[in-house]
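Work through the exercises below with the structure open. Try each task before reading its solution.

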Amino acid sequence: MKKLRKTLFSALTYLVMFIIIYTAVNLWRSPVMPDGPKLIYQNSSKQVVDVVAQSHDAPVLIYFWGSWCGVCRTTGPNVQTLHANGHDVLSVAVSSGNDDELLAYMNKHGYDFYTLNDQQGVIFHEWGGQVTPSFVILDDGKVAQSFTGIAPLWLLRLRMWWAGL
């Protein structure tokens, strides 16, 4: 019994250390909203949409990713499902080729969320992005959450719900 307690205590200690280190690294490398961001796209109705203004109605997920990013191949389908379920999503494809290459990649993977092609990584740099995938949830014109790395669908849903409270 004593050995089991010692093992459980050790496992709990490592878990707490992992959570602290993971949180610190995530905070350090997460994107930050620049002053006066210009994230504007044209929706399927040919209307020009300003993402910051859009976030006053409901939370908006901004998804920074790259077609070359291995982890993005895991998170992309989750973002697509979130979008298909009615959540507002704008993605920024970082250094993923020209418009034709990006469109071919998105079609191949069944992505139809709105995407800005950030060929030179300018938008990503303005937001202080360091790694892909990176996520920012805007709510009421402000950053509600910012995080990086693998994001399972349940966690994206939970974060969007939390931002909307």
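## Exercises on a predicted model

P133 sits in the loop between helix 5 (122-126) and strand 6. The model is predicted.

**Exercise 1. Determine whether the peptide bond from T132 to P133 is cis or trans.**

Step 1. Read omega for the bond from T132 to P133: the value is near -5 degrees.
Step 2. Assign the bond: T132 to P133 is cis.

**Exercise 2. Classify the ring pair of Y63 and F135.**

Step 1. Take the distance: the centres of Y63 and F135 are 5.2 Å apart. The cut-off for a pair is within 6.5 Å.
Step 2. Take the angle between the planes: 20 degrees. Planes under 30 degrees apart count as stacked, and the Y63 and F135 pair is stacked.
Step 3. Place the residues. Y63 belongs to strand 3 (residues 60-65) and F135 to strand 6 (residues 134-139), so the pair ties together parts 72 residues apart in sequence.
Step 4. Check the burial: Y63 and F135 are both buried.

**Exercise 3. Classify the ring pair of W65 and Y111.**

Step 1. The ring centres of W65 and Y111 are 6.2 Å apart.
Step 2. Their planes stand at 85 degrees, so the pair is edge-to-face. The cut-off used here is over 60 degrees.
Step 3. W65 lies in strand 3, and Y111 in the loop between helix 4 (99-109) and strand 5 (114-118), so this pair links parts 46 residues apart in sequence.
Step 4. Both W65 and Y111 are buried.

**Exercise 4. Describe the positive phi angles of S95 and D140.**

Step 1. S95 is not a glycine, yet its phi is about 50 degrees. S95 lies in the loop between strand 4 (88-94) and helix 4.
Step 2. S95 has a relative accessible area of 36%, so it is partly exposed.
Step 3. D140, also not a glycine, has phi near 55 degrees. D140 is in the loop between strand 6 and strand 7 (142-148).
Step 4. D140 has 42% relative accessibility, so it counts as partly exposed.

**Exercise 5. Characterise the interface of domain 1 and domain 2.**

Step 1. Five residues of domain 1 contact six residues of domain 2.
Step 2. The buried area is about 570 Å², with 36% from carbon and sulfur atoms.
Step 3. The interface has zero salt bridges.

Key
Residues numbered from 1 in each chain as written. Predicted model: local features only at pLDDT ≥ 70, side-chain atom pairs only at ≥ 80, totals over all residues. Heavy atoms only, no water. Phe/Tyr/Trp six-rings, centres within 6.5 Å; stacked < 30°, edge-to-face > 60°. Helix = DSSP H or I, 4+ residues; strand = E, 2+ residues; numbered from the N terminus. Buried < 20%, exposed > 50% of the residue type's maximum accessible area, 1.4 Å probe, protein only. Contact = heavy atoms within 4.5 Å. Buried area = accessible area lost by both parts, 1.4 Å probe. Salt bridge = Lys/Arg side-chain N within 4 Å of Asp/Glu carboxyl O.
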